[in-house]
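Student: Hi, could you walk me through this structure? I'd like to ask about it piece by piece.
Tutor: Happy to, ask away.

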Amino acid sequence: SSGINADTGLPMLLSTLRYDVLRQLCFMMDPLVTVGSDFTTFAAQIGFCSTYIRYLKALDIKKNSPFEEVLRVWQDSAPDATIGDLMYLLNEIQRHDVVDKLREFYLI
């Protein structure tokens, strides 16, 4: 399974995602795209309503990362979410580049 802690053999919780890794994921997921998937696609995938997604799109990404906000809210509502869950969902929306970036930091 993806996102396994090599020392404990247990899934790595999303809350353990390193900040430097999170920043890189945000750089990849924050920009809105016309073809492909961005943070709005991910937010819809995990059940965010269209009103909240519109709010996220209105954020000034120079000050607030919409993808970071999506992950924070998801983590609050699903504290047992793992990095493996994140990778699975990113694969589901065809963001294999972001999954590859995660794999650079987590030997999975």
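Student: Is D100 buried, partly exposed or exposed?
Tutor: D100 is partly exposed, because its relative accessible area is 43%. For these labels, buried means under 20% relative accessible area, exposed means over 50%, and partly exposed is in between (1.4 Å probe, protein chains only). Before we go on, this is a predicted model: local features need pLDDT of at least 70, side-chain atom pairs count only at pLDDT 80 or more, and totals for chains, interfaces and linings use all residues. Residues are numbered from 1 along each chain as its sequence is written, and side-chain values use heavy atoms, with hydrogens and water left out.

Student: Thanks! Which residue forms a salt bridge with D100?
Tutor: That is R103, with the closest N and O atoms 3.8 Å apart. A salt bridge here is a side-chain nitrogen of Lys or Arg within 4 Å of a carboxyl oxygen of Asp or Glu. R103 is partly exposed, at a relative accessible area of 36%.

Student: And how many residues apart are D100 and R103?
Tutor: They are 3 residues apart in helix 6 (residues 96-105), so about one helical turn separates them. Helices are DSSP runs (H or I, at least four residues), as strands are (E, at least two), and they are numbered from the N terminus.

Student: How many salt bridges does the structure hold?
Tutor: It holds 7. One of them joins the side chains of R23 and E68, at 2.8 Å, N to O. That pair links distant parts of the chain: R23 is in helix 1 (residues 19-29) and E68 in helix 4, 45 residues apart. E68 is partly exposed, with a relative accessible area of 28%.

Student: Switching to aromatics, how many aromatic pairs turn up?
Tutor: A search of the whole structure finds 4. Rings of Phe, Tyr and Trp (its six-membered ring) pair if their centres lie within 6.5 Å; planes under 30 degrees apart count as stacked, over 60 as edge-to-face and the rest as tilted. The rings of F42 and F67 are edge-to-face because their planes are at 70 degrees, with centres 5.3 Å apart. F42 sits in helix 2 (residues 39-45) and F67 in helix 4 (residues 66-77), 25 residues apart.

Student: Are F42 and F67 buried or exposed?
Tutor: F42 counts as buried at 0% relative accessibility. F67 is buried too, with a relative accessible area of 0%. F42 also pairs with W74: their ring centres are 5.9 Å apart and the planes are at 75 degrees, so this pair is edge-to-face. It ties together parts that are 32 residues apart in sequence, because F42 lies in helix 2 and W74 in helix 4. W74 counts as buried at 10% relative accessibility, and F42, F67 and W74 form one aromatic cluster.

Student: What else is F42 in contact with?
Tutor: Leaving aside neighbours within four places in sequence, F42 is in contact with residues including M29, V70, L71, L86 and I93. Contact means heavy atoms within 4.5 Å.

Student: Which residues touch the most other members of the largest nonpolar core?
Tutor: Of its 31 residues, those are L17, F42, L86 and L102. A nonpolar core is a set of buried Ala, Val, Leu, Ile, Met, Phe, Trp, Tyr and Cys residues joined through side-chain atoms within 4.5 Å. Helix 1, helix 2, helix 3 (50-58), helix 4, helix 5 and helix 6 each supply at least two residues of this core.

Student: One more: where is Q94?
Tutor: Q94 is in the loop between helix 5 (83-92) and helix 6. Its phi is near 65 degrees, a positive value in a residue other than glycine. Q94 counts as exposed, at 55% relative accessibility.
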